Each structure stands twice: as structure tokens, then as C-alpha cells.
Amino acid sequence: FFLVMDLVASPDATEVKPACFTVGFLVNYLWLCQMCWMVVEAMNMYQSLVKIFNSYTSHYFLKWNAFAWGLPLIFPVIGAAWGGKEFVNGKTCFVQFPQAIVSFWVPMGLDLSSTKLCLG
């Protein structure tokens, strides 16, 4: 990871390279996927431990995969469409401030609060 960041980021960058943009987008997306999988695990624990009876969900694995891999894709796409080349910082290859609120911090807050809600 650090080698990739070292290759695509530059400390004196005036413009964002396509590789840096791609790495920033993927890092943002994969962090959100990880958080959505945490929500899926919390829902699974809730169904297994609290809602024991009548907790059958048909095709649950397909639905949870679509949720955990599909939903996080929406936020970086919105941030990248809104920010364009300013979506990521050229020095760090991570999401910059105005777009980070919409594409990273709000979804992270929603994920953490829904996990807290499921686990109580």
C-alpha cells in the first residue's frame, strides 16, 4: 500500500495524476465497503442472537453482498462527479475536504450509527 502511494503521490504535485485519482477513489470505496461489511455482520449477529425465531431471509447472501459492495460505490462516484480533478489531493492521494464530507465522513457516520443501532 505504501509503495503504491509512494509511486503515485508526489509532494510537489500541482495537478492530480490519473493513477493518484484511481488510488484515492479505490481507497475511499474500499474503506466504505469495509464499514458496510461491519453493518452486515451486525445485522447477522442481531438476527442470530436476538431475533432467533422467524428470522429467515431468502437469498440473504446475495442481498448482503449487493448491499456491502454496491451501496459504498454510490458515495465516491458522487464525490468524484462533484469534485472532478479536485476529488483527491495530489500530495496524499486521498479525498480532499469538501468532497470528503459527502463521499467519506457522512457514509462512515451512517455505517457506525447503524452498527450501534443493531448491536445496541
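Predicted model: local features only at pLDDT ≥ 70, side-chain atom pairs only at ≥ 80, totals over all residues.
**View 1. Helix 4 along its length, from residue 97 to residue 119.** Helix 4 contains 23 residues and spans 31 Å between its first and last C-alpha atoms, which is close to the 33 Å expected at 1.5 Å a residue. Just after the helix comes Gly-120, whose phi is positive, at about 75 degrees.

**View 2. The bend in helix 4 at Trp-105.** At this residue helix 4 bends by about 30 degrees, and a proline, Pro-107, follows within four residues. Pro-107 is also one of the buried residues of the helix, whereas Trp-105 belongs to a nonpolar patch on the surface.

**View 3. The buried residues of helix 4 and the helices they pack against.** The buried residues are Gln-99, Ala-100, Ser-103, Phe-104, Pro-107, Met-108, Asp-111 and Thr-115. Their packing partners are helix 2, which covers residues 18-49, and helix 3, which covers residues 60-83.

**View 4. A nonpolar patch on the surface.** Leu-71, Ile-74, Ile-78, Trp-82, Phe-97, Ile-101, Val-102, Trp-105, Val-106 and Leu-110 form this patch, and together they have about 980 Å² of accessible area. Helix 3 and helix 4 are the elements that give two or more residues to the patch, and helix 4 gives the most, with 6 residues.

**View 5. Val-102, a patch residue in helix 4.**

Methods: Residues numbered from 1 in each chain as written. Heavy atoms only, no water. Expected span 1.5 Å × (residues − 1). Bend = angle between axes of the 7 residues up to and from the residue. Buried < 20%, exposed > 50% of the residue type's maximum accessible area, 1.4 Å probe, protein only. Contact = heavy atoms within 4.5 Å. Patch = residues over 30% accessible without salt bridge, like charges linked within 9 Å, V, L, I, M, F, W, Y side chains within 5 Å. Areas by Shrake-Rupley, 256 points an atom, 1.4 Å probe, with all protein chains shown as cover. Salt bridge = Lys/Arg side-chain N within 4 Å of Asp/Glu carboxyl O.
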